[in-house]
Amino acid sequence: MSKLAPGLHGRKEVTVTSAMLASSVGSGLVEVFSTAMMVAWMEATAVAMVQGLLEDGQTTVGTGIQVSHVAATPCGMGVRFEAELTDVSPNGKGLSFKVAAYDAAGLIGEGTHQRVVVNREKFEARARAKGQAPA
C-alpha cells in the first residue's frame with residue numbers, strides 16, 4: 001500500500017536573495033521576489049514532501065501548476081512555502097497539491113500543482129533519446 005495519501009503536508013523556508021529577484025531572472029525589471037522563483041520553490045516543497053515516500057528509483061515530475069502571485073516580497077525577507085497533497089490518482093501515479101507562499105506580512109501566492117510519479121532512469125533515457133532523434 002502506498003504511503004502517499006491526501007493530507008500529507010510539506011514546508012520549506014528561504015530568504016530572498018538578489019539572485020531570486022525578477023530583475024535577476026529576467027521575469028521583470030523590478031527588484032522583488034520573482035514569480036518564477038516562487039513557482040520553483042512551490043514545486044520544490046511538493047517534491048521534497050513526497051520523495052522519501054517513493055520506491056527506489058522513483059521521483060516525480062511536474063505536469064501543471066496554476067498559481068497567483070498576489071504580493072511583492074523584497075530582497076532579504078524570509079518566505080515560507082507550504083504544500084498539501086490533496087489527491088492521489090487511483091493508479092498512485094498522479095499527485096495533486098495545494099501550494100502557498102507567505103512572507104512576514106502574509107500570503108504572497110497560492111494555487112494548485114500537479115506531479116506524476118516516474119521511474120527516473122527511464123524518464124531521463126526517453127528525454128535523451130528524444131534529443132538524438134533525426135529531425
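**Figure 1. The side chains of Glu124 and Arg120 meet in a salt bridge of 3.2 Å, N to O.** In this predicted model, local features need a pLDDT of at least 70 and side-chain atom pairs count only at pLDDT 80 or more, whereas totals for chains, interfaces and linings use all residues. Residues are numbered from 1 along each chain as its sequence is written, and side-chain values use heavy atoms, with hydrogens and water left out. A salt bridge here is a side-chain nitrogen of Lys or Arg within 4 Å of a carboxyl oxygen of Asp or Glu, a rule that gives a count of four such bridges. Glu124 and Arg120 both belong to helix H3 and lie four residues apart, about one turn of the helix. An α-helix has 3.6 residues a turn, so residues three or four places apart point the same way. Glu124 is partly exposed, with a relative accessible area of 33% (buried is under 20%, exposed is over 50%, and partly exposed lies in between, with a 1.4 Å probe and protein chains only).

**Figure 2. Asn119 caps the N-terminal end of helix H3.** A side-chain oxygen of Asn119 lies 3.1 Å from the backbone nitrogen of Glu121. Helix H3 covers residues 120-132, and its 13 residues reach 19 Å from the first C-alpha to the last, close to the 18 Å expected at 1.5 Å a residue (1.5 Å times one less than the number of residues). Helices (H or I, at least four residues) and strands (E, at least two) are DSSP runs numbered from the N terminus.

**Figure 3. Arg115 and Glu43 form a salt bridge of 3.1 Å, N to O, between their side chains.** This pair links distant parts of the chain, since Arg115 sits in strand E5 (residues 106-119) and Glu43 in helix H2 (residues 35-51), 72 residues apart. The two partners can be told apart by their accessibility: Arg115 counts as buried at 5%, while Glu43 is partly exposed at 26%. Leaving aside neighbours within four places in sequence, Glu43 is in contact (heavy atoms within 4.5 Å) with Gly62, Ile65, His113 and Arg115.

**Figure 4. Thr35, Glu43 and His69 are listed by UniProt, in an unreviewed entry, under "active site".** These three residues span 35 residues in sequence, yet no two of their C-alpha atoms are more than 14.5 Å apart, so they gather at one spot. The annotation may be inferred rather than shown by experiment. His69 has its place in strand E2 (residues 58-69) and is partly exposed, with a relative accessible area of 26%. The side chain of His69 makes a polar contact of 2.6 Å with the side chain of Thr35 (a pair of N or O atoms within 3.5 Å; within protein, one must be able to donate a hydrogen and the other to accept it, and residues adjacent in sequence count only if both atoms are side-chain atoms). Not counting residues up to four places away in sequence, His69 touches Phe33, Ser34, Thr35, Met38, Ile108 and Gly109.

**Figure 5. Arg11 and Glu13 are joined through their side chains by a salt bridge of 3.1 Å, N to O.** Arg11 and Glu13 are both exposed.
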